[in-house]
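This briefing sets out the architecture and selected local contacts of one protein model. Please view the sequence and the structure together before reading on.

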Amino acid sequence: MSKPDELLVNVAALVESGQSNQMSLTVVTGGAVITGRLAPEAVWRQRVSEVLTGSDRVGEFSAVFDSPVTSGPPTHLHFHVARILQGTVGIPETGGMYRVAIEDVSSWTVGDFSYSDH
């Protein structure tokens with residue numbers, strides 16, 4: 001998208017203002033379908049930092065995520081418990097942490113998708 005979807009920016013802003021992590025969203029970006037729950041950027045950064053801190057190999061990168069969140073309208077969506085949908089599989093199965101530029105979202109819908117073998 002050349003201009004970010006104003007409605008999607010408003011959804012992201014509401015997540016940021018409410019400090020909620022219960023809004024489920026599915027987006028298409030760069031041909032990938034990502035589905036999961038949105039988190040406020042500060043909460044997302046903290047969680048990523050915690051995961052990195054616990055790693056022997058990449059622990060030094062945790063400080064990058066400790067920087068303060070900039071003010072202004074949101075420019076990114078911060079997914080947690082999210083999956084990239086590929087065929088009948090969500091990758092990773094347990095959900096991951098994804099940051100998606102709002103301007104790169106080509107389509108979206110409220111709610112998340114999951115597959116069942118039934």
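The points below move from the sheet and helices to the core, and then to individual residues.

The structure is a predicted model, in which local features need pLDDT of at least 70, side-chain atom pairs count only at pLDDT 80 or more, and totals for chains, interfaces and linings use all residues. Residues are numbered from 1 along each chain as its sequence is written, and side-chain values use heavy atoms, with hydrogens and water left out. The model holds an open sheet of 5 strands, and helix 1 and helix 2 each lie across several of the strands.

**Sheet**

- The strand order is 4-3-2-1-5, and the pairing is antiparallel; two strands pair if DSSP finds at least two bridges between them.
- Helices (H or I, at least four residues) and strands (E, at least two) are DSSP runs, numbered from the N terminus.
- Strand 4 (89-101) and strand 5 (105-110) each have a single partner strand, so one side of each edge strand is left without a neighbour in the sheet.
- On average, neighbouring strands of this sheet are turned by 35 degrees against each other, direction ignored; the axes are lines fitted to C-alpha atoms, for helices over the stretch in contact, and angles run from 0 to 180 degrees between N-to-C directions.
- Strand 1 (residues 24-29) runs antiparallel to strand 5 and is joined to strand 5 by 5 bridges, with T26 opposite T109.
- Strand 2 and strand 3 are antiparallel and share 5 bridges; V33 has L85 in strand 3 as its bridge partner.
- Strand 3 and strand 4, also antiparallel, are joined by 8 bridges. Among the facing residues, L77 stands opposite V100 and H78 opposite R99.

**Helices against the sheet**

- Helix 1 (residues 6-18) lies across strand 1, strand 2 (32-38), strand 3 (76-86) and strand 5, and runs at about 60 degrees to strand 5.
- Helix 2 (residues 41-53) lies across strand 3 and strand 4, and its direction is at about 125 degrees to strand 4.

**Nonpolar core**

- The largest nonpolar core has 15 residues, and those with the most contacts inside it are L25, V27, L38, L77 and F79. Such a core is a set of buried Ala, Val, Leu, Ile, Met, Phe, Trp, Tyr and Cys residues joined through side-chain atoms within 4.5 Å.
- Helix 1, strand 1, strand 2 and strand 3 each supply at least two residues of this core, and helix 1 provides the largest share, 5 residues.
- In soluble globular proteins, nonpolar side chains tend to be buried together.
- Beyond its neighbours within four places in sequence, V27 is in contact (heavy atoms within 4.5 Å) with A32, V33, I34, L77, F79, V105, S107 and W108.

- The whole structure contains 1 aromatic pair. W44 and F65 form this edge-to-face pair, at 6.1 Å centre to centre and with 65 degrees between the planes.
- Rings of Phe, Tyr and Trp (its six-membered ring) pair if their centres lie within 6.5 Å; planes under 30 degrees apart count as stacked, over 60 as edge-to-face and the rest as tilted.
- W44 belongs to helix 2 and F65 to the loop between helix 2 and strand 3, so the pair ties together parts that are 21 residues apart in sequence.
- W44 is buried at 7% relative accessible area, whereas F65 is partly exposed at 24%. Buried means under 20% relative accessible area, exposed over 50%, and partly exposed in between (1.4 Å probe, protein chains only).
- S62 lies in the loop between helix 2 and strand 3 and is buried, at 11% relative accessibility.
- The side chain of S62 makes a polar contact with the side chain of T53 at 3.2 Å. A polar contact is a pair of N or O atoms within 3.5 Å; within protein, one must be able to donate a hydrogen and the other to accept it, and residues adjacent in sequence count only if both atoms are side-chain atoms.
- E41 lies in helix 2 and is buried, with a relative accessible area of 11%. Not counting residues up to four places away in sequence, E41 touches E16, V69, H78 and R99.

**Backbone features**

- Most residues other than glycine have a negative phi, and most peptide bonds are trans.
- V81, in strand 3, has a positive phi near 50 degrees, and this residue is partly exposed at 38% relative accessible area.
- The peptide bond from I91 to P92 is cis, with omega near -15 degrees; P92 lies in strand 4.
- The hairpin of strand 3 and strand 4 has 2 residues between the strands, and G87 there takes a positive phi near 60 degrees.
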